[in-house]
Structures are given as structure tokens and as C-alpha cells.
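I opened the model to look up a few things and wrote down what I found. The entries below are in the order in which I took them.

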Amino acid sequence: MKTKLTELAGVIRSKNSGPYELTLDIIFNERSVYETVKERGYFSEKLICDLYGITPEKVITIVCFDPAKAIKATIERPLCSGDLGETDVYGAQQHAPLLSLEFEV
């Protein structure tokens, strides 16, 4: 049975990681769930590319941070923060594609 990420993680957010990068943070409620998600490699480069419609070279890093039960992915922003046509200067609304994810844990 799959469970929504929104039920597994207390924090799902996005933010600027400088003017040219965007960071996605997922902080899990329980260590056992975090460990399962990490071990199964659910947050892969392919998943991030599929969710955000980007190519693998746009994924800068995907890091598991054990002390915080967190997974952090950093990607290139499609437009520099504040550029003409850019719609989210702080990058705070870019986590929406993560909200529909479901995982077997």
C-alpha cells in the first residue's frame, strides 16, 4: 500500500539556494520511514527530472542528511531569481510537484 509523502514528511519545502539554484527539502517524521525511503532510492535523479521536466545535467545534487531525517535535492533554476519572466523570486512555491508523490514504506 502506498502512502502520500505529505503523510510521511512533516516538512516539504523549496527555497533559493542562490540566484541560480533551487533546493527542495523533505524532512521525514519518523526515522524508520526516512531510512526506508533512502535505502530504496525513491528520490532519484530520474524522479526529480520527471517531476520538474528537466534533464539530468540540471540536477546538481541529491543528498541524504541522516541527523535531520532529511533528503535535499538541488537543481538549476529555469530562470535566475528576479529575472524578467521569473515568477517565484524566493523559490518558495516550487515544492508543489513533490506533494502528489506516494511511496511504499
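**Entry 1: ground rules**

I noted that this is a predicted model, in which local features need pLDDT of at least 70, side-chain atom pairs count only at pLDDT 80 or more, and totals for chains, interfaces and linings use all residues. Residues are numbered from 1 along each chain as its sequence is written, and side-chain values use heavy atoms, with hydrogens and water left out.

**Entry 2: the core**

I looked up the largest nonpolar core and found that it has 23 residues. Such a core is a set of buried Ala, Val, Leu, Ile, Met, Phe, Trp, Tyr and Cys residues joined through side-chain atoms within 4.5 Å. Buried means under 20% relative accessible area, exposed means over 50%, and partly exposed is in between, with a 1.4 Å probe and protein chains only. Leu 5, Phe 28, Phe 43 and Leu 98 have the most contacts inside this core.

Helices (H or I, at least four residues) and strands (E, at least two) are DSSP runs, numbered from the N terminus.

I picked Phe 28 and listed what it touches, not counting residues up to four places away in sequence. Among them are Leu 5, Leu 8, Val 33, Val 37, Phe 43 and Ile 71. Contact here means heavy atoms within 4.5 Å.

**Entry 3: strand 5 and its partners**

I found strand 5 mostly covered, with five of its seven residues buried. Strand 5 runs antiparallel to strand 3, and seven bridges join the two. Two strands pair if DSSP finds at least two bridges between them.

The hairpin of strand 4 and strand 5 has four residues between the strands, and in it Lys 69 takes a positive phi near 55°.

**Entry 4: helix 3**

I checked which residues of helix 3 are buried, and Leu 47, Ile 48, Cys 49 and Tyr 52 are. The buried residues of this helix pack against strand 3, strand 4 and strand 5. Just after helix 3, Gly 53 takes a positive phi of about 60°.

**Entry 5: rings**

I looked for rings of Phe, Tyr and Trp (its six-membered ring) with centres within 6.5 Å; planes under 30 degrees apart count as stacked, over 60 as edge-to-face and the rest as tilted. The count comes to three aromatic pairs. Tyr 42 and Phe 103 are stacked, because their ring centres are 4.6 Å apart and their planes are at 25°. Tyr 42 lies in the loop between helix 2 and helix 3 and Phe 103 in strand 6 (residues 102-104), so this pair ties together parts that are 61 residues apart in sequence.

Phe 43 and Phe 103 have their ring centres 5.4 Å apart and their planes at 55°, so I noted them as tilted. I found Phe 43 and Phe 103 buried, whereas Tyr 42 is partly exposed at 22% relative accessibility. Tyr 42, Phe 43 and Phe 103 form one aromatic cluster.

**Entry 6: Glu 86**

I located Glu 86 in the loop between strand 5 and strand 6. Is Glu 86 buried or exposed? With a relative accessible area of 15%, Glu 86 is buried. Its side chain reaches the backbone nitrogen of Asp 88 at 2.8 Å. Leaving aside neighbours within four places in sequence, Glu 86 is in contact with Arg 77, Leu 79, Cys 80 and Ser 81.

**Entry 7: cysteines**

How many disulfides does a search of the whole structure find? I found zero disulfides, a disulfide being a pair of cysteine sulfur atoms within 2.5 Å. The cysteine sulfur closest to that of Cys 49 is in Cys 64, 16 Å away, which is too far for a bond. Cys 49 is buried at 9% relative accessibility, and Cys 80 is buried at 17%.

Key. A polar contact is a pair of N or O atoms within 3.5 Å; within protein, one must be able to donate a hydrogen and the other to accept it, and residues adjacent in sequence count only if both atoms are side-chain atoms.
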